[in-house]
Amino acid sequence: MPRTALRICPLCEATCGLTLTIEGTAVTGARGDREDVFSRGFICPKGAAFGALDADPDRLRNPLVRRDGRLREATWEEAFEAIASAVPALVREYGAQSVGVVLGNPNVHTMAGNLYPPLLLKALGTRNFFTASTLDQMPKHVSSGLLFGDPFAIPVPDLDRTDFLLLLGANPVESNGSLCTAPDFPGRLKALRARGGTLVVVDPRRTRTAKLADLHLAPRPGSDALLLAALAHTLLAEGLASPGALAERTEGLGELADALARFTPEAVAPACDLTAAEIRDLARALAAAPTAAVYGRIGSCTVEHGTLASWLVDVLNVLTGNLDRPGGVLFPLPAAGPRPRPAGPGKGFTLGRWLSRVSGHPEAKSELPIAALAEEIETAGEGRIRALVAIAANPVLSAPDGRRLDAALSGLDFMVSIDPYLNETSRHAHVVLPPPPPSQSAHHDFAFNGFAIRNQVRYSRPAVPLEAGRLDECEIHARLVLAVSGRYGSADPSAVDEMVIHGVLAKETADPHSPLHGQDPAHLAGLLTGENGPERRLDLMLRLGPYGDRFGVGSAPQGEPGEVQGGAAAAAAAADTDTDTGTGMRTGTGTGEYAGGGGGEGLSLERLLAHPHGIDLGPLRPRLSGVLRTRSGRIELLPDPIAAELPRLTAALADRPATLVLVGRRHLRSNNSWLHNVPALTGGSNRCTLQVHPEDAGRLGLTEGGLARITADGGSLEVPVEVTDTVRTGVVSLPHGWGHDRDGARLSVASAAPGANVNQLLDGSRLDPLSGTAVLNGFPVELTPLP
């Protein structure tokens, strides 16, 4: 008899709840969980294809170990013994910096990928750390770090209450949202307009999101920072800025007008290819809205001035008084996040604490640009990367100049991949450790709940028992930590989790500001529940977090210390939350609701398991005082690194724009390079074509379905042409994540329609200097028709 099981979807940032149909151990169907407290039954094609992904015959079932130059199946013991033999020996001979670590995008979609990489880095002691962030959102981390003192303090649009939403470089109807976790993003945009709100989309393509907008502006790609600077200039010059109570909590307001003086609408308009009137009208509409949210994403991050654009997004939110305000942008408060701290100054955020060895790229958030990975492997000398640990990463396709990186990886002394597939990157590994399919894994969204538009908490245990011969993904990571640290065989994998638990509790009980001060760490550890180490760690995080039960020591929290509780913002929040308690936990008796409150009845794993559809913790609330960790204890609106970068933006006003530039694009049935092997998600409009405007096609002699050679800094590609007016003139679009044509990969579906790797057009030299993020959008290209 078929049965059903609940599972949070791990295939994009929307984190929708799924109801899986299971026959035996096979997932035969997936639909939206209508009782899920966050997604309320919404599902997209990726979630509907959960079963096909789960059962993909190309997924690796057993570890692979390279012997005599070939990858062959091996036992788990053989795989970890190979790692334990190679990596510590390389570290002893060449030092800790001889090992690099690279994390890919799917890493943040799993519990293991969130819990264990910090332990791996600590065990290795390396600073050669690279992630997909420098191909995506690192500019937002850097700008938030400089503004608020914490690179993870990223405010998100209050989608369900805002009156005016300005989206730049974002296509959430097809991406499902990013750094803004929101199931059914399309429905929320339609609801915004239905309640009389305004949606403005700034994008060089007429995307599905743009088609929903009240106003669509199509500027020249890469000009986002200039446009945003002109909007801020207009607010200041015309006396439209109204930061309200934020003015008293902000440094640099007085200097901002002078810093942006050159960016008048008239000066910026030619570079943006918009009119000065369009820019002024947008600034005035933004200022006039009762509440408004400005939101920029990957199209405004992966450009030459990505950090400045990310900074200016929140400058506008501050100038309009919409930062930390219901209906504006707010800071989520995730249930498994850190214990709220008293308000006050912090350590701040510093860039460039160390530099990459070869080109001297500054670190950002402890990461080096992934575009520099190849040179760090190739270049001889002390500190050369000789071994690499790649976790859910495929930088051969996702990073610039994949051919160079492909060659560099083949020269490593040793490489480990944690990956379910033998893909374009993992095919170089000496050991491949395959995690089980998602149906056999537990799930909690540690990362994405920090960007969610509503506070909630959900957890799903494995829907299907772990298949014989497989290891749980968390155990794979724990064993890897032991293997690279030279402790494999001398300690049980569970010791890794227990070490973390006892370390956290020892710190908490020694902290005079903690409600656990003076308690016995061993006793508290014994109170934790859970079937394994990862569940015990989740229980610990929930208990110590902002809604936690604190092990029954004292009462559950009644709001975060330092929160803004008074004024119009609090009144607006109260008016919208008449069913919420003072803790922000939804009361009631319906499934998934939680009557939390004082008296020690806070959150724990046991209470979460009692609510399989999740617990609604209420709408986002103002909490700026609890977020700020700058040295001044205030919003630092014009930090020195930003001020030093503005002259380069000023110089861009005089740049002569390229005749033709390229942008990427997303598809609802795709997620970078890692869903192209699922037949249900391929074909149709999800194709790797070069979109060209009819006028440009006519001028260049390109025809629908014909071939074109596209050339840029890193080389050239041959791609099929799609003539469409959904892309503006002077712009062509080629999607990201394709290029599945390398020998040795085992991706039978993806290799049948490999597409072209757009990142091969780049040589890695184009970077946003503050964040080290690769410029993947708005770079110049040349097109030639082919027979």
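Start by selecting R543 and D549: their side chains meet in a salt bridge, 3.3 Å from N to O. That term stands for a side-chain nitrogen of Lys or Arg within 4 Å of a carboxyl oxygen of Asp or Glu. Both R543 and D549 are buried (buried means under 20% relative accessible area, exposed over 50%, partly exposed in between, with a 1.4 Å probe and protein chains only).

A quick note before moving on: this is a predicted model, where local features need pLDDT of at least 70 and side-chain atom pairs count only at pLDDT 80 or more, while totals for chains, interfaces and linings use all residues. Residues are numbered from 1 along each chain as its sequence is written, and side-chain values use heavy atoms, leaving out hydrogens and water.

Next, pick D713 and R766, a salt bridge with its closest N and O atoms 2.4 Å apart. D713 sits in the loop between β23 (707-712) and β24 (715-723) and R766 in the loop between α27 (748-752) and β26 (767-768), so this pair ties together parts 53 residues apart in sequence. (Helices, H or I of at least four residues, and strands, E of at least two, are DSSP runs numbered from the N terminus.) D713 is partly exposed at 34% relative accessibility, and R766 is partly exposed at 31%.

Now select E238, E266, R280, D281 and R284 together: salt bridges that share partners join them into one network.

Last stop: E304 and R648, another salt bridge, with the closest N and O atoms 2.9 Å apart.
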